[in-house]
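Please walk me through this structure in plain terms. I am new to it and would like to begin with its core.

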Amino acid sequence: MGIEIRRCEPGLVTGTMPVTGNRQPTGILHGGANAVFAETLGSLAALMYAGPDGNAVGLDLSCTHHRWVSSGTLTGECRPLYERESVASYQIAITDGSGQRTCTALLTCVIRRGATRRRAGHPQDDSRRTEH
């Protein structure tokens, strides 16, 4: 995919991705490449929010493809929309080399905190048992 992370800090994750190597047979950027790029940036943001012993799992991803691109390098910028105890949502804006938006993605992740940050008896523990 050729994704390079440029900035990775709480509240902002940015990166770039080349169009070359990520095209459909028709010669334009594959929509799935936009999705991979967006989820990569959003997942990094969610992992940072989850903390060093936490984890984040994608729950929902939607991408609106505003315009097609056939060459160049895309830039993605991920910012949080909502971050709470067990869920976080991010908006990822993808732009082309001239700064025009080509895709807007929304990613929602389930957040699992590390053992030291969990509340006692919280349903996010690892011991899920079903009794019959």
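A nonpolar core is a set of buried Ala, Val, Leu, Ile, Met, Phe, Trp, Tyr and Cys residues joined through side-chain atoms within 4.5 Å; buried means under 20% relative accessible area, exposed over 50%, and partly exposed in between (1.4 Å probe, protein chains only). The model is predicted: local features need pLDDT of at least 70, side-chain atom pairs count only at pLDDT 80 or more, and totals for chains, interfaces and linings use all residues. Residues are numbered from 1 along each chain as its sequence is written, and side-chain values use heavy atoms, with hydrogens and water left out.

The largest nonpolar core holds 24 residues, and Leu74, Cys78, Tyr90, Ile92, Ile94 and Ile111 have the most contacts inside it. At least two residues each come from strand 2 (12–18), helix 1, strand 4 (73–83), strand 5 (87–95) and strand 6 (101–112). Helix 1 gives the largest share, seven residues. Helices (H or I, at least four residues) and strands (E, at least two) are DSSP runs, numbered from the N terminus.

Asn34 lies in helix 1 (residues 31–50). Its relative accessibility is 5%, so Asn34 counts as buried. The side chains of Asn34 and His65 are joined by a polar contact of 3.1 Å; such a contact is a pair of N or O atoms within 3.5 Å, and within protein one must be able to donate a hydrogen and the other to accept it, with residues adjacent in sequence counting only if both atoms are side-chain atoms.

A disulfide is a pair of cysteine sulfur atoms within 2.5 Å, and the count here is zero. The closest cysteine sulfur to that of Cys8 is in Cys78, 9.3 Å away, which is too far for a bond.
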